[in-house]
Amino acid sequence: MGQLYGIAELSPLAILAPAIANYPLAPHNDQAAGWNTCVNNSPFDPIANQQLGTTFANQNPTVPGNPPESMGPGSIVQAGGQPTSCEPARKNNTYYSVDLRMDWDLGNDMTVTSLSSYQSFNRHQAIDGAGMMIQDYQSIQHGTIWTGFQELRLAGKFGGKGDWIVGANYEHDNTFDQFLQTYNASTASPTLFAFNQALGVDFGFPLGPTKPTDTQTTDTYAVYGHAEYPITDTITLLGGVRYTQENKIGGTCGDDGGDGTWAFVAYELQILADGSTSPKLSPPGSCASTGPGPTFNSPPNGGLFFAHLDQSNVSWQAGVNWKPNTDNLLYLNISQGWKGGSFPTVALATFQQTHPVNQEGLLSYEVGFKSALLEHQIQLNGAFFYYDYNDKQILGAVSDPVFGALPSLVNVPKSHVIGFELSGAYSPDWFKGFTLTPAVSYQNSRIDKSSKDTCAPPPSQQAANGLPGAITCIPGDYYNFDAYDEYADFTGEHFPSAPLWQGSVDGQYEWELRNEIKAFVGFTVDFVSSTNTFFVNRSPTPAFINAGVSGVLPVFGGFVTCAGTPSPTPVGPCPTNHPSDPLNVPGYALLDLRAGVSHGPWMFQLWGRNVTNQWYWTAADHVNDVLLHYTGQPVTYGVSFSYRFH
């Protein structure tokens, strides 16, 4: 559960519920958070006593008789009314795996190995994700993963010196995700397109639950080889190569939740936003996202948008190890690796948002050392590295005309990381039984210029409009949407969720009590520097510029003020439209303590984690109309009793 720390409206055109705007923020206590105890699981989101407030009738002509739904100003759901068809905010996940390894010794230092595995994961999780006892965002999440893997490899030695291995493997994956998302108290419900000056009213339609759906089938084939060979007594060369072919079929869509409201909104989008002259209405509960022109219809019979993502790559590694003596090792590695692409699972309104991310390439340079000093009282390890990324997959956003900025993986064409890591262990002879183990790492990430043109601002931010926040494209710079649906240049920024510094210090003293029974006391200090969990827009424009003649839907014209009333010009700043908050996660340090006794494989331990009860959070997020912190564990004490099998 997240802790509420601020408000940021999803839809500036809508009126924010007073109960949400005035909801008390969570105190600085990692055990304090608000949430609904029950998560809606009905396509109609029935709310207790909803007839006492504002309700909207379903306008979908294919579902006559559907009950009206509570939403909008004056509704019971915006005042904190609870769903009557719901389930507790809990998760029920299962995971199974079967693994089989067979080795066949062929003699002459050669071995054939077969690796077989099957894995199955099933998820059912009910989430209340608004940090308040108001239905701003709820989700019932279903998911499955089935994976089958088979590998055959042959390993051997070069005449008793060095090692080599060749092999091939095949993997088949099936994944499925489907979320029933409910936000009837948020500014997304009802869905308001823009202020219509001619009519003098906001133009929109009721919106009940939606159901983003994603299914993917992946077949991966690979062959590889690797070898290590000592050319002298102190120098060893190593290298490897791997060819991978990944064939993926993905089907995804923003499905209607089952009440037909999202299907009808999408039908109207085909006309109002896309200008379709032959719109089609999707069946309730099926795919409703608008399709490609000229009709902009959803897939026939409510099917998903299917596409292929077939990609291949060659990974490789080359390195050298130099061991001048038994206490020291120097090494140099250069390698090229890849990470496969995928399709998104988001509440998308248009098929353009179904495009997958491409495979990510990483060219890595690393030089390091391992040394034993002072007659092995000190072990010191270190490495310096440079990572050169192509099409790095980063959690950014896709902009949606209905749901605003939707978190989704995006490809950043060029980026890099430079850094180092040091770790060690000190066991002094003058203090027998004591060991000090420090570690520190530094990783400076940066989004670089590239030869690709990523600049495609939305209509409201195109330079020709001359409006606040207009984008003048710079060739080679990287552009995307921030957490509040504003387009911006992120060239030179750090990666999200990538702190510069991380470190730890562990210390333990162990001594013998009697009869091989040992006692120990210890501590661990962990440190993480600050970061941001989304792209940082350094110069946001906090004005309602997404409505009007140059807005998302130019057909309507006009602007609105911070209060939602008509205005002939864009107005700002509006603090709940674009808060000056880059979803920051401050740095923090945690102290853990432990003490116990051991005898052979047995161990009994008393422990305390975060014993100073530090209030900290590990991530921040913008969810619909709210800003949330996801806090770490408070002070926790416990006992452990364990047995180590040999």
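A: Patches, as the term is used here, are made of residues with over 30% relative accessible area and no salt bridge, with like charges joined within 9 Å and nonpolar side chains (Val, Leu, Ile, Met, Phe, Trp, Tyr) joined within 5 Å. A salt bridge is a side-chain nitrogen of Lys or Arg within 4 Å of a carboxyl oxygen of Asp or Glu, and accessible areas come from the Shrake-Rupley method with a 1.4 Å probe, where for residues only the protein chains shown count as cover. The model is predicted, with local features needing pLDDT of at least 70 and side-chain atom pairs counting only at pLDDT 80 or more, while totals for chains, interfaces and linings use all residues. Residues are numbered from 1 along each chain as its sequence is written, and side-chain values use heavy atoms, with hydrogens and water left out.

The nonpolar patch on the surface is formed by Trp511, Leu513, Ile517, Val521, Val597, Trp602, Phe604, Leu606, Val639, Phe641, Tyr643 and Phe645, which together have about 1,200 Å² of accessible area. At least two of its residues come from each of β22 (501-514), β23 (517-528), β29 (602-609) and β32 (636-643), where strands (E, at least two residues) are DSSP runs numbered from the N terminus. Phe645 lies in the segment after β32, and Phe645 counts as exposed because its relative accessibility is 71%, the cut-off for exposed being over 50%.

Turning to the pairing, two strands pair if DSSP finds at least two bridges between them. Strand β28 (residues 588-599) pairs with β23 in the antiparallel sense over eleven bridges, and within β28 it is Asp592 that stands opposite Thr524. β28 is also joined to β29 by seven bridges, and these two strands run antiparallel. β28 and β29 form a hairpin with two residues between them, and in the turn Gly600 has a positive phi of about 60°.

Elsewhere in the model, three strands form an open antiparallel sheet in the order β1-β31-β30. β1 (3-7) and β30 (617-623) stand at its edges with a single partner strand each, so one side of each is left without a neighbour in the sheet. β30 pairs with strand β31 (residues 626-631) in the antiparallel sense over six bridges, and the bridge partner of Val623 in β31 is Val626.

Methods
Helix = DSSP H or I, 4+ residues; strand = E, 2+ residues; numbered from the N terminus. Buried < 20%, exposed > 50% of the residue type's maximum accessible area, 1.4 Å probe, protein only.
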